[in-house]
Amino acid sequence: MDDRLTLEVHDLEVRVLTGIYSEETQLPQPLRISMSVDLDCPPRFAPDTRLAESKNYLDLKHAATTALPPGVHFTLIEGVADHICETLFLQDRRVRSVTVKIVKLAIAEAGEAIGVTLVRHR
């Protein structure tokens, strides 16, 4: 079994143009996005290991925020998740798999979490 490193960013709140109903298509919807990214990793992380041996957490945040194309309407939140996965794969060849969980905050009535989880492998 190969070693792997999993980086995680959870509970980003992002407004994205998404939805199929007329009341959803005019304004960005609030989404809660969480990601886990599995990377190839070196055999050991010494105290003086350089950042280049891992991945900057801000790259994950960027994939779910500023890397989403402004003004583009995603019919399904699955499309948002897929775009995030592709962005992370393109950023770094060491990324082996990406898990993106998206919760649609606007449709919760009693605090429940309604959404999707997409897992993509290289």
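Mentor: What follows is an account of the salt bridges, taken pair by pair.

The model is a predicted one, and a search of the whole structure finds eight salt bridges.

One of them pairs R50 with E53, with 3.4 Å between the closest N and O atoms. R50 is exposed, at a relative accessible area of 56%, whereas E53 is partly exposed, at 29%.

Another salt bridge joins D92 to K55, where the closest N and O atoms are 3.9 Å apart. D92 lies in the loop between α2 (77-91) and β3 (95-104), and K55 in the loop between β2 (29-39) and α1 (57-64), so this pair ties together parts that are 37 residues apart in sequence. Both partners fall under the 20% limit for a buried residue: D92 has a relative accessibility of 11%, and K55 has a relative accessible area of 4%.

A further salt bridge is formed by D82 and R120, with the closest N and O atoms 2.8 Å apart. This pair also links distant parts of the chain, since D82 belongs to helix α2 and R120 to strand β4 (residues 115-121), 38 residues apart. D82 is partly exposed, with a relative accessible area of 25%, and R120 likewise counts as partly exposed, at 35% relative accessibility.

Finally, salt bridges that share partners join K55, D59, D92 and R94 into one network.

Key: Residues are numbered from 1 along each chain as its sequence is written. This is a predicted model: local features need pLDDT of at least 70, side-chain atom pairs count only at pLDDT 80 or more; totals for chains, interfaces and linings use all residues. Side-chain values use heavy atoms; hydrogens and water are left out. A salt bridge is a side-chain nitrogen of Lys or Arg within 4 Å of a carboxyl oxygen of Asp or Glu. Buried means under 20% relative accessible area, exposed over 50%, partly exposed in between (1.4 Å probe, protein chains only). Helices (H or I, at least four residues) and strands (E, at least two) are DSSP runs, numbered from the N terminus.
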